[in-house]
Amino acid sequence: MSPSAPLRNRDEVGARLLTASARHSFDPAVDVDWDAPLVDGAPAMPLHRVTLYGTPLWDELSEEQRIALSFHETASMLSVGLWFEIVLMQMLARYVQRMDVRRPHAQYALTEVGDETRHSVMFARTLTKLGCPDYRPGRHLQRLGGLYGHLSGGPSLFASVLVVEETLDRLQREGMADETVQPLLRTVSRIHVVEEARHVSYARDEVARTVPKLTKAQLELHRLVTASVAAIVVDAYVRPRAYASIGLDPARARAEARANPHHRETRRWMAERITAFLTEVGLLGGRSEKIWRRADLL
């Protein structure tokens, strides 16, 4: 939904999304061919999106190492995405706990929890199929996520959801259209993209509806919270252990990736849809803009 479009009643949005869910939902247990072998020589993502692409360290890697790194970076993103979806399920459950469950708006929140449960299992099975570790965030970020899940609310809650969903969506849309990418990842991406489109619509509606009700001080707080979550989560997508898994020095690899112009541009590309939306609704601006820029998301 465009933020400049007329806002519909919350329950109209919920009812529309419930209908769409009934028509276009997937069961990854049967809609993904888990028994099909991986394709030899096919990366898990377009290689130009790997964080080290274009660096001196990339030039030192063999083609096999580059493909292996695409597996581990994809696994890292899926692990972090899975972890965040679990946090999201907790937040949605608390959100709907205070609502009249007879309302379509509340019922869609419950439907989204069901979607996220299937996505989490799908991501977990993908990690197993790729033969990669669970790269979930470290203890410090896990604590922060738990605290945020309990204390978050208002437009920054849904804006934070959008940051994760829309940045991953950008990568997955490109990957699912790239015939060089592993068929398994293309299928998983297609399922996630279709179902997350509804989640994005729901969250955008909530952000556009609630931001105008904020006081100036509240707006500044929600801007800072959203920007901070964006910087932390996107930076956590590729864990240093992913580099170590193919024999690289994690410190050197992380430093080269962070300074890599190709990767910095990819981060901005991943975020451009969500930053445009948040700017238009007023949730990106003021002091928060510096955080977005320092994180190479703007």
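A polar contact is a pair of N or O atoms within 3.5 Å; within protein, one of the two must be able to donate a hydrogen and the other to accept it. The legends below describe close-up views of a predicted model.

Figure 1. Asn260 lies in the loop that joins helix H11 (250-259) to helix H12 (261-281). When residues up to four places away in sequence are set aside, Asn260 touches Thr51, Leu52, Tyr53 and Thr55. The relative accessible area of Asn260 is 3%, and the residue is therefore buried, since buried means under 20%.

**Figure 2. Asp296 and its arginine contacts.** Asp296 is found in the segment that follows helix H13 (288-294). Its side chain makes a polar contact with the side chain of Arg264, at 3.0 Å. Apart from neighbours within four places in sequence, the residues in contact with Asp296 are Arg258, Arg264, Arg267 and Arg268. Asp296 counts as buried because its relative accessibility is 5%.

**Figure 3. The packing of helix H4 against helix H7.** Helix H4 comprises residues 63-97 and helix H7 comprises residues 155-176. The two helices pack at an angle of about 150 degrees, and their axes are 11 Å apart. H4 is therefore roughly antiparallel to H7, a description that applies to angles over 145 degrees. The crossing of H4 and H7 is left-handed. On the H4 side, the contact is made by Met77, Leu78, Gly81, Phe84, Leu88, Met91, Leu92 and Tyr95. On the H7 side, Leu157, Phe158, Ser160, Val161, Val164, Glu165, Leu168, Leu171 and Gln172 take part. The residues of this contact between H4 and H7 comprise 13 nonpolar, three polar and one charged.

**Figure 4. The packing of helix H4 against helix H5.** Helix H5 (residues 104-130) packs with H4 at an angle of about 155 degrees. The axes of H4 and H5 are 9 Å apart. This angle makes H4 roughly antiparallel to H5, and the crossing of H4 and H5 is left-handed. The contact of H4 with H5 involves 18 nonpolar residues, together with seven polar and three charged ones.

Methods
Residues numbered from 1 in each chain as written. Predicted model: local features only at pLDDT ≥ 70, side-chain atom pairs only at ≥ 80, totals over all residues. Heavy atoms only, no water. Axes fitted to C-alpha atoms, helices over the stretch in contact; angles between N-to-C directions. Helix = DSSP H or I, 4+ residues; strand = E, 2+ residues; numbered from the N terminus. Parallel < 35°, antiparallel > 145°, perpendicular 65-115°, else oblique. Left-handed = near helix turned anticlockwise from the far one by under 90°. Contact = heavy atoms within 4.5 Å. Nonpolar A, V, L, I, M, F, W, Y, C, P; charged D, E, K, R; others polar. Buried < 20%, exposed > 50% of the residue type's maximum accessible area, 1.4 Å probe, protein only.
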